[in-house]
Number of protein chains: 2
Amino acid sequence: MEIPVIRNVLEANGKMAAQLRALFARHGVLVLNLISSPGAGKTSLLERTLSDLREEFRMAVIEGDLQTDNDARRVAATGARAVQINTEGGCHLDSNMVMDALAQLDPAAMDILFIENVGNLVCPVEFDCGEDAKVALLSVTEGDDKPEKYPLLFNLAACMVLNKVDLLPHVDFDMGRARDFATRLNKDLTICEVSCRTGQGLEDWYGWLRQQRAAKKSA
Amino acid sequence: MEIPVIRNVLEANGKMAAQLRALFARHGVLVLNLISSPGAGKTSLLERTLSDLREEFRMAVIEGDLQTDNDARRVAATGARAVQINTEGGCHLDSNMVMDALAQLDPAAMDILFIENVGNLVCPVEFDCGEDAKVALLSVTEGDDKPEKYPLLFNLAACMVLNKVDLLPHVDFDMGRARDFATRLNKDLTICEVSCRTGQGLEDWYGWLRQQRAAKKSA
């Protein structure tokens, strides 16, 4: 009984996502959908990125949370445009919510739009939000087995940001094992090892961003 | 269109959960539903508990994962009975899955049944699995804002286990802030600060378990 309804929901979501994708393409906006467990560091990565690249790109953020506008406030403090979506308990963002948020954003005034999804390694992966690419964040404190245990995200993401590498000396995390699981799921995955706390490795992430943005612009 | 279907799903789940609850009550089994983000330490807490209390209680585990039987194998290595449920991408356990798993477990031969839910702070909270209590795990590496941002779990849980306190010197986590958010949501919440890695604080958790088990036995 449940299955046809879910299929309809995903179909409707896909149609709206296609409209979004066309809209973003018209303006040459690079759109990235950031997905991770709660607390992996999505907002911290955005804070760093929005500050460090502010002279280079015009960036905006759609913040998805069950409750609170804490993350939108953190992001707005960098000077970037931020729109908060509260899902009121909902476990993921969808393309309708992104379309609604666009009422408060001007695609003609953006080079990069980040969609910070609800903290959840499962449900957000299923809902296309019109993005060019999904970015998976994994913090080393979560364990090196997560790509194997939550494969769909790592299979579909274009980039995996391995965050909190400053904590590696204090946790049991086998970097080789995590990278091996992830690249077995997805041989084209770009992997950036970073610490949003110390700044270590962020240049790799910025390099990937620049490359994606250049490809989008010339498309 | 979606809402009546969801209501039906939750109603059907609730009916099966009531049957489970009656069955567990008949045998005096204490049932705990462990919920957290991926990598907060549910399996590590179980490994410790099953080893340390093996002379005291007869314990079994139902392991919920999207994929793999890694966690069931870790838990079974302690000598406890473990049944793996693979949700094949599903974001939570429900009462039907627990009923199915009971075909491989004998309620008359258990004092405590742990249900280790899928790693997800959102969806598992909505699905009653016939448990006596939900136990929320939060690791200090996830940030002190999580009770505020994911309130339903902390509102409904009877106990919050704050794990990985051995990493407190290396992260920005305000214990007072986390405790304050959580107890504002739920004034009866028991909070145990532990490190499953070092063993620190586990006696508090065991004390809570003993109390719950004694209350269930005499009910």
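The exercises below, each with a worked solution, concern a predicted model.

**Exercise 1. Find the order of the strands in the open sheet of chain A, and say which strands are at its edges.**

Begin with the pairing: the seven strands of this open sheet in chain A are joined in parallel, and their order is S3-S2-S4-S1-S5-S6-S7. Next look for strands that pair on one side only, which in chain A are strand S3 (81–86) and strand S7 (190–193), the edge strands. Between neighbouring strands of this sheet the turn is 20° on average, with direction ignored. For one pair in detail, take strand S5 (residues 133–139) and strand S6 (residues 159–163) of chain A, which are joined in the parallel sense over five bridges; here Val135(A) stands opposite Cys159(A) of S6(A).

**Exercise 2. Work out whether the residues of strand S1 in chain B are buried or exposed, and to which strands S1(B) is paired.**

Strand S1 (residues 30–35) of chain B is mostly covered, since six of its six residues are buried, a class that requires 20 or more other C-beta atoms within 10 Å. In a regular strand the side chains alternate between the two faces of the sheet. In S1(B), Leu30(B), Leu32(B) and Leu34(B) point one way, while Val31(B), Asn33(B) and Ile35(B) point the other way. The pairing with strand S4 (residues 112–116) of chain B is parallel and runs over five bridges, with Phe114(B) as the bridge partner of Leu32(B). S1(B) also pairs in the parallel sense with strand S5 (residues 133–139) of chain B, over four bridges, and there Ala136(B) is the bridge partner of Ile35(B).

**Exercise 3. Explain how chain A and chain B are related, and describe the contact between them.**

Chain B can be laid on chain A by a turn of 180° with a shift of 0.0 Å along the axis, at an RMSD of 0.0 Å. The two copies are therefore related as by a two-fold rotation axis. The contact takes 32 residues from chain B and 32 residues from chain A. On the side of chain B that touches chain A, helix H1 (2–27), helix H5 (146–149) and helix H6 (151–156) of chain B each supply at least two residues, and the residues of that side divide into 13 nonpolar, 12 polar and seven charged. Because 100% of the interface residues of chain B are also interface residues in chain A, the copies meet through the same surface.

**Exercise 4. Locate Thr68(A) and Glu88(A), and classify how exposed each one is.**

Most residues other than glycine have a negative phi. Thr68(A), however, has a positive phi of about 70°, and its place is in the loop between S2 and helix H3 (70–76) of chain A. Thr68(A) has 16 C-beta neighbours inside 10 Å and so counts as partly exposed. Glu88(A), also not a glycine, has a positive phi of about 55° and is placed in the loop between S3 and H4 of chain A. With 8 C-beta neighbours inside 10 Å, Glu88(A) counts as exposed.

Conventions
Residues numbered from 1 in each chain as written. Chains lettered and ligands numbered in written order. Predicted model: local features only at pLDDT ≥ 70, side-chain atom pairs only at ≥ 80, totals over all residues. Pairing = 2+ DSSP bridges. Axes fitted to C-alpha atoms, helices over the stretch in contact; angles between N-to-C directions. Least-squares fit on C-alpha atoms with pLDDT ≥ 70 in both. Contact = placed C-beta atoms within 7 Å. Nonpolar A, V, L, I, M, F, W, Y, C, P; charged D, E, K, R; others polar. Buried ≥ 20, exposed ≤ 12 C-beta atoms within 10 Å, placed from the backbone.
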